[in-house]
Amino acid sequence: MIFSKKLITWYLQNKRSMPWRETKNPYHIWLSEIILQQTRVAQGLPYYMSFTEAFPTVFDLANASEEEVLKLWQGLGYYSRARNLHATAKYVANDLNGVFPTTYKGLLQLKGVGDYTASAIASICYKEAVPVVDGNVYRVLSRYFGIDTPINSTKGVKEFKELAITLMDHEEPAEYNQAIMEFGALQCKPKSPYCIICPLRDSCEALKNGKVEVLPVKIKKLKIKKRYFNYLVFFTEDKKTIIQQRVGNGIWKGLYEFPLIESDAIDIDTISSHTVFREMIKDKEYEIIPHQEEPIVHKLSHQHLYTRFYIIKSDIPSKVNQDQKIVDYEEIHAYPVPILLGNFIDIFFQQN
C-alpha cells in the first residue's frame, strides 16, 4: 500500500539512531518498550543504557533485588512498571529458561505487556505482522484519514485497531511499525507538525479540511485529586534520620520516604500535636523548622501532591516501627525514593 511504503521510505531517511534499533534481541526490545511507556525518548534513553549496563541479560535483572530495580528506575515515575518489569524478568528467567515468547499472543501473557508492547516486540523481533497503536499512531491515523472518533473511547480503540490492521505492511512489519511511531514523534507532532514538507500532505484529510490542530479527539475524563503530604525529616547531631517504606497498593509502593502526616490543615501546632509525631517523639526535646514557606506541588497523572518538609531537630526515637529504618545521612542516597524526595535529599543532605 502506498501509505505504508511512503512511511517506510520517510523512516529510512529520517529515523533517529537509537541503541534498541541496532538489535533484534527480545530482552533489549522489551526493556526499551517498557521504559518508553509514558516516557519521552530523551528521558528514557539514559535509563535504557543504565539498565542494559547493570543487567546485561534477563537473568541478571531477575536476580536483582526489587530495591536495586526501583533505585535504577528512580525518576521515571509510574513505578508499577518497574515492579512488573522485575516480575516478568523472573518469570522469563525461571519459568521460560530465559526465552521470551515468540508470538504476539504469547507475549500478551507477560505481566506489564499490553497490546502495544506485544505488537512491537512480535513485529521487531519475530517479523509478525501485528500493528502497534500508541499515541503517535492514533495521531497519524486520525489526521490522515480525518477520523474524529475519540481515541480513548471503546469505539475509538476498536476502530483504530481495525484500521491499523488493514494498513499493516506484511512484508516489512518491523520497519512499518517503527516508521509510523517515528513519523508521529518527529513529523506529525501534537503541536506545529511539519505539514509543509510532509510526504503524505497530498492525501491528508485533516490538512485538506483544516482539522490538523483538532485531531485526534480525546474525551476529557480525568479528575485530579489533591493530596497534602507533610514529611517529618529527623535531623540529629550524629547525622541520622528516619525513613520508611511505602506499603499497600497506592503510589510509590516499595519506595522509601520520611515519616508522613497526610493532612491539608497543617501548621507547626498541628504537627506537634499529631498522633504520628507524638508517638515518635515521646517526651524528647525537639525543635520543628519548616523547610519552605509554600508547599511544593508535585503533579502526577491523577493527583497533585502539595508537599511540605518539616525539619525535626531532636534525638532519634529509641524505637521505630517495622516499616521504618534509622539511617546515616550518607546511606540515604542508596534507597529508592520518589523523585520529589530525591530532589529534596540532594539539596538538604548535601548542605548538612
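Two residues are in contact when heavy atoms of each lie within 4.5 Å. In this predicted model, contacts between residues at least 6 apart in sequence were examined, and 67% of them join residues at least 24 apart. The protein has 15 helices and 8 strands. Its C-alpha atoms fill a box of roughly 75 × 50 × 35 Å, taken along the principal axes. Of the 352 residues, 48% count as buried.

Two packed helices are described by the angle between their axes and the distance between the axes.

Helix 6 takes part in two of the pairs described here. Its partner in one is helix 2. Helix 2 spans residues 26-36, and helix 6 spans residues 80-95. Their axes lie 10 Å apart, at an angle of about 160°. An angle over 145 degrees counts as roughly antiparallel. Helix 2 and helix 6 are therefore roughly antiparallel to each other. The crossing of helix 2 and helix 6 is right-handed. From helix 2, the contact draws on Trp 30, Leu 31, Ile 34, Ile 35 and Leu 36. From helix 6, it draws on Arg 81, Leu 85, Thr 88 and Ala 89. By class, 7 of these residues are nonpolar, 1 is polar and 1 is charged.

Helix 5, residues 66-73, also packs on helix 6. The angle is about 135°, and the axes are 10 Å apart. Helix 5 and helix 6 are therefore oblique to each other. Helix 5 and helix 6 make a right-handed crossing. Glu 66, Val 69, Leu 70 and Trp 73 of helix 5 face this contact. They meet Arg 81, Ala 82, Arg 83, Leu 85 and His 86 of helix 6. The contact of helix 5 with helix 6 has 5 nonpolar, 1 polar and 3 charged residues.

The remaining pair joins helix 8 (residues 115-126) and helix 11 (residues 173-186). Their axes come within 7 Å and cross at roughly 135°. Helix 8 and helix 11 are therefore oblique to each other. Helix 8 passes helix 11 in a left-handed crossing. On helix 8, the contact residues are Tyr 116, Ser 119, Ser 123 and Ile 124. On helix 11, they are Pro 173, Ala 174, Asn 177, Gln 178 and Met 181. By class, 5 are nonpolar and 4 are polar, with no charged residues.

Helix 11 also meets buried residues of helix 9. Helix 9 covers residues 135-145 and is mostly covered, with 9 of its 11 residues buried. Those buried are Asn 136, Val 137, Tyr 138, Arg 139, Val 140, Leu 141, Ser 142, Arg 143 and Tyr 144. Besides helix 11, they pack against helix 1, helix 10 (154-167) and helix 12 (205-208).

Single residues were examined next. Pro 19 sits in the loop between helix 1 (2-14) and helix 2. Pro 19 is partly exposed, with a relative accessible area of 28%. Neighbours within four places in sequence aside, Pro 19 is in contact with Leu 45, Tyr 48 and Met 49. Pro 19 and Tyr 48 are 29 residues apart along the chain, yet their C-alpha atoms are separated by 8.9 Å.

Thr 307 lies in strand 7, residues 303-314. With a relative accessible area of 0%, Thr 307 is buried. Neighbours within four places in sequence aside, Thr 307 is in contact with Phe 229, Tyr 231, Gln 292, Pro 295, Ile 296 and Leu 340.

The cysteines were then checked for bonds. A disulfide is a covalent bond between the sulfur atoms of two cysteines. The structure holds 0 disulfides. Cys 188 is in no disulfide, and the nearest cysteine sulfur, that of Cys 198, is 6.6 Å away. To count as a disulfide, two cysteine sulfur atoms must lie within 2.5 Å. The sulfur of Cys 198 has its closest cysteine sulfur in Cys 195, at 6.4 Å, which is too far for a bond. Buried means under 20% relative accessible area. At 11%, Cys 188 therefore counts as buried. Cys 198, at 14%, is buried as well.

Conventions: Residues numbered from 1 in each chain as written. Predicted model: local features only at pLDDT ≥ 70, side-chain atom pairs only at ≥ 80, totals over all residues. Heavy atoms only, no water. Axes fitted to C-alpha atoms, helices over the stretch in contact; angles between N-to-C directions. Helix = DSSP H or I, 4+ residues; strand = E, 2+ residues; numbered from the N terminus. Parallel < 35°, antiparallel > 145°, perpendicular 65-115°, else oblique. Left-handed = near helix turned anticlockwise from the far one by under 90°. Nonpolar A, V, L, I, M, F, W, Y, C, P; charged D, E, K, R; others polar. Buried < 20%, exposed > 50% of the residue type's maximum accessible area, 1.4 Å probe, protein only.
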